[in-house]
Amino acid sequence: MKLFINSGSPFARKARIVLREKGLMDRVEEVFVIPVESHPDLVAANPLAQIPALVADDGVRWTDSSLIAHWLDGQGEGPRLLPEGEEAWPVRRLEVTAAGILEMTVKMVLENRRPENERSPFWLERWEGSLVRGFEVAEAVCPDADVFDLGALTLGIAATYADFRYPHIDWRSVAPKVAALQTQLEKRQSFIDTYPK
Ligand SMILES: N[C@@H](CCC(=O)N[C@@H](CS)C(=O)NCC(=O)O)C(=O)O
């Protein structure tokens with residue numbers, strides 16, 4: 001299979017971490033792309049020209065980091081990253097909260113790439129507020145630092161991406177449990193190998 005990625009994207013990082021955790025690296029080629037250049041191979045894999053995008057060996061195209069992560073969870077070895085039955089719901093809810101934090105951060109990054117006189121202070125302030133409230137919500141349901149599932153790993157990715165892009169945003173004071181979880185997760189080889197650059 002082929003996975004379109006780059007080394008800064010937190011959404012692509014999620015798919016890359018799951019590939020490594022599930023022992024699937026010998027079955028995948030990671031293809032580096034710059035999404036805004038809309039390379040034809042990326043557009044063929046994902047008409048939205050977003051990463052991550054995965055083309056499976058049977059030609060099926062998988063898009064969206066959560067969907068890709070869920071599918072890979074069933075392909076590889078090792079314990080399931082999404083529990084079965086009712087236990088899946090809290091994990092999914094945390095995963096969605098963490099994905100929301102990521103979306104706010106990515107929106108801020110894109111806004112800040114516009115020429116300075118075209119940036120909207122209103123939107124930047126609004127998204128930063130949402131980001132911090134997202135961490136507050138995550139803190140209230142944050143698992144112990146030794147938990148490893150799709151909710152925890154997405155939250156760890158969101159925390160590190162916020163630090164990577166906006167180190168001045170003090171989310172830790174409202175989310176100390178999230179900070180402890182992040183510290184544990186970033187020690188895993190899959191996290192070390194995919195640290196954003
Ligand atoms: N909901 C998508 C979001 C993916 C996304 O926003 N990817 C960014 C990179 S971090 C991208 O490709 N942006 C290019 C664009 O939106 O044109 C997911 O979870 O995969």
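The buried residues of α4 pack against α1 (10-21), α3 (65-75), α5 (121-140) and α6 (150-165). Contact here means C-beta atoms, placed from the backbone, within 7 Å. Helices are DSSP runs of H or I with at least four residues, and strands are runs of E with at least two, numbered from the N terminus.

This is a predicted model: local features need pLDDT of at least 70, side-chain atom pairs count only at pLDDT 80 or more, and totals for chains, interfaces and linings use all residues. Residues are numbered from 1 along each chain as its sequence is written.

Back to α4. Among its buried residues are L94, I101, L102 and M108; buried means 20 or more other C-beta atoms within 10 Å of a residue's own, with C-beta atoms placed from the backbone. Helix α4 covers residues 88-112.

Now the sheet. Strands pair if DSSP finds at least two bridges between them. Strand β1 (residues 2-5) runs parallel to β2, joined by four bridges, and K2 stands opposite E29 in β2.

Last, the ligand. Its surroundings include F11, P35, D64 and V106, where near means a C-beta atom, placed from the backbone, within 6 Å.

Methods
The expected span of a helix is 1.5 Å times one less than its number of residues. A residue is buried if 20 or more other C-beta atoms lie within 10 Å of its own, exposed if 12 or fewer, and partly exposed in between; C-beta atoms are placed from the backbone. Two residues are in contact if their C-beta atoms, placed from the backbone, lie within 7 Å.
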